[in-house]
Amino acid sequence: LPEFPDGLPMGTGCSGSDGIVSLVKACFKKLGVAVDNRFSVDSDKGVRDYILTQFPDLNVLFSNVSGLVHKTAVNTATKDLRQAVVDRVFLWSAGFVCTDTAQVNNQHQSSATCIRDQTKRTGTTWKGCVDYERAHAPELSLYENTEALLKTCQATGERQVTDCQRQLAAT
């Protein structure tokens, strides 16, 4: 790993409670590497409030993963909602809304084209994550909740997900 004076830069998008941050920090600590959580994203204000209570040292919290394609976005961690730089991070982790594609959801088949069509929360989150990767090129990406996504999307979404993963890996 390259050396990072402030710790390995990490960013998360729509990963719920940001539990992945604690896991990554614990794993890298065993390797003697600090992790610097540069920013998090969640559209739900209640979740953002929870993230700030769990990670009081987090200075940048965005509310829309789609806004990460830009160089700056509104930082909801500040009282005046000023713009903050969207950092390029070494490790990017993102989660996808499971309710759209979860097998226990009786309506999950209606989400079969949400990736291709960039609809519902799952499809718009996927597009925001891919746009972030293309714009900022993190070294490593870790996605959560992909099994249900791939099962539900089958031919339409799965092909788009795997094609997109190949394209991103080639850049």
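Reply: Happy to! Let's begin with a term: buried means under 20% relative accessible area, exposed means over 50%, and partly exposed is in between (1.4 Å probe, protein chains only). This is a predicted model, so local features need pLDDT of at least 70 and side-chain atom pairs count only at pLDDT 80 or more, while totals for chains, interfaces and linings use all residues. Residues are numbered from 1 along each chain as its sequence is written, and side-chain values use heavy atoms, with hydrogens and water left out.

Me: Thanks! Are Trp-126 and Tyr-143 buried or exposed?
Reply: Trp-126 and Tyr-143 are both buried.

Me: And how many aromatic pairs are there?
Reply: There are six aromatic pairs. Rings of Phe, Tyr and Trp (its six-membered ring) pair if their centres lie within 6.5 Å; planes under 30 degrees apart are stacked, over 60 edge-to-face, and the rest tilted. One of the pairs is Phe-39 with Tyr-132, which is edge-to-face, at 5.8 Å centre to centre and 65 degrees between the planes.

Me: Where in the chain do Phe-39 and Tyr-132 sit?
Reply: In distant parts: Phe-39 is in strand E2 (residues 35-41) and Tyr-132 in helix H5 (residues 120-136), 93 residues apart. Those names come from DSSP runs, numbered from the N terminus: helices are H or I with at least four residues, strands are E with at least two. Phe-39 and Tyr-132 are both buried.

Me: What about the pair Trp-126 and Tyr-143?
Reply: Trp-126 and Tyr-143 make a tilted pair, 5.7 Å centre to centre with 55 degrees between the planes. Trp-126 is in helix H5 and Tyr-143 in strand E7 (residues 140-144), so this pair ties together parts 17 residues apart in sequence.

Me: Which residues form an aromatic cluster?
Reply: One cluster is made of Phe-39, Phe-62, Trp-92 and Tyr-132.

Me: New topic: how many salt bridges does a search of the whole structure find?
Reply: Six salt bridges. A salt bridge here is a side-chain nitrogen of Lys or Arg within 4 Å of a carboxyl oxygen of Asp or Glu. One of them joins Arg-38 and Asp-87, whose closest N and O atoms are 3.6 Å apart.

Me: Which parts does that pair, Arg-38 and Asp-87, tie together?
Reply: Arg-38 lies in strand E2 and Asp-87 in the loop between strand E5 (83-85) and strand E6 (91-95), so they tie together parts 49 residues apart in sequence. Arg-38 is partly exposed at 24% relative accessibility, and Asp-87 is partly exposed with a relative accessible area of 24%. Asp-36, Arg-38 and Asp-87 are also linked in a network of salt bridges.

Me: How about Asp-49 and Lys-45?
Reply: Their side chains meet in a salt bridge (3.1 Å, N to O). Asp-49 and Lys-45 are four residues apart in helix H2 (residues 45-54), so about one helical turn separates them. Lys-45 is exposed, with a relative accessible area of 51%, whereas Asp-49 is partly exposed at 38%.

Me: Last one: what order do the strands of the open sheet have?
Reply: The open sheet has five strands in the order E3-E2-E1-E6-E7, with parallel pairing. Two strands pair if DSSP finds at least two bridges between them. The edge strands, E3 (61-62) and E7, each pair on one side only. Strand E1 (residues 8-13) and E6 pair in the parallel sense over four bridges.
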